[in-house]
Amino acid sequence: DLNKKLDFKVTIDYWDEAAASHKLRSLFESAVSINCPTLESPLNQGDTLCESASAFLVANAADRRTGHWLVPPGRHEYKMKVPGGLGLPYETSVHYIWMHVHPYAESLELRDLTTGRSAWKGYVKNDAHKAIVLSTDYYSSPRGMVFPKDHEYELISTYNNTTNDKIDAMAALWMYFQEHL
């Protein structure tokens, strides 16, 4: 029975303009997600092939991709080069990162291919008995981490499907960068 009522409370705090100008930063959002290819193509060299769990996202006829895929039983890693780097208009710093994944995800990493190092990696806590994500890591810092505009990046998602059936998956990062005014 899906006909349920939901009651929740939200608290919103406001700062006056003087306090905000000294304590708050103007940020812009950039999101990246794994859109894995569903067929072999020269256009997706290096990206992990997957089985679609939803309608295709079509970049062109030779490169069919999906944002929701099926994970067979066991541990699997899904990689995708982020097209155009992160699309940053200038070198800037990230101050907040959060991720969205489905149950059975273990981690999501943004790897800097230019330096060969991990830019950020978050881990997932799943319920031991139910298909429920209990919590995910996030990044938050007033100082921030610098992201050069011309670097190339890759997303790496690790899932550990402990069931006997295929499960649906996705992986996305939302990042909030310093806006240059």
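A residue is taken as buried when its relative accessible area is under 20%. By this criterion, 36% of the 181 residues of the protein chain count as buried in the predicted model. The accessible surface of the chain comes to about 11400 Å², and carbon and sulfur atoms contribute 52% of that area. The C-alpha trace spans about 55 × 45 × 30 Å along its principal axes.

The secondary structure of the protein chain consists of 1 helix and 15 strands. Among contacts with a separation of 6 or more, 72% are accounted for by residues 24 or more positions apart. With regard to charge, the protein chain carries 18 positive and 23 negative side chains. The centres of these two sets lie 4 Å apart.

An open sheet is formed by 5 strands in the order 7-13-9-10-11, with antiparallel pairing. Its edges are strand 7, covering residues 74-82, and strand 11, covering residues 133-136, each of which pairs on one side only. On average, neighbouring strands of this sheet are turned by 15° against each other, direction being ignored. Strand 9 comprises residues 105-112 and strand 13 comprises residues 153-161; the two pair in the antiparallel sense over 7 bridges. In this pairing, S157 of strand 13 is the bridge partner of L108.

Strand 9 also contains S107. The relative accessible area of S107 is 5%, and this residue is therefore classed as buried. Apart from its neighbours within four places in sequence, S107 is in contact with K121, G122, Y123 and V124, as well as with I156, S157 and T158. S157, one of these contacts of S107, is thus listed both there and as the bridge partner of L108.

The loop between strand 8 (92-101) and strand 9 holds Y104. The backbone of Y104 has a phi near 85°, a positive value in a residue other than glycine. Y104 has a relative accessible area of 19% and is buried, because the criterion requires a value under 20%.

Note on methods. Residues are numbered from 1 along each chain as its sequence is written. This is a predicted model: local features need pLDDT of at least 70, side-chain atom pairs count only at pLDDT 80 or more; totals for chains, interfaces and linings use all residues. Side-chain values use heavy atoms; hydrogens and water are left out. Helices (H or I, at least four residues) and strands (E, at least two) are DSSP runs, numbered from the N terminus. Buried means under 20% relative accessible area, exposed over 50%, partly exposed in between (1.4 Å probe, protein chains only). Contact means heavy atoms within 4.5 Å. Accessible areas come from the Shrake-Rupley method with a 1.4 Å probe; for residues, only the protein chains shown count as cover. Lys and Arg count as positive and Asp and Glu as negative; His and the chain ends are not counted. The place of a charge is taken as NZ of Lys, CZ of Arg, CG of Asp or CD of Glu. Two strands pair if DSSP finds at least two bridges between them. Axes are lines fitted to C-alpha atoms, for helices over the stretch in contact, and angles run from 0 to 180 degrees between N-to-C directions.
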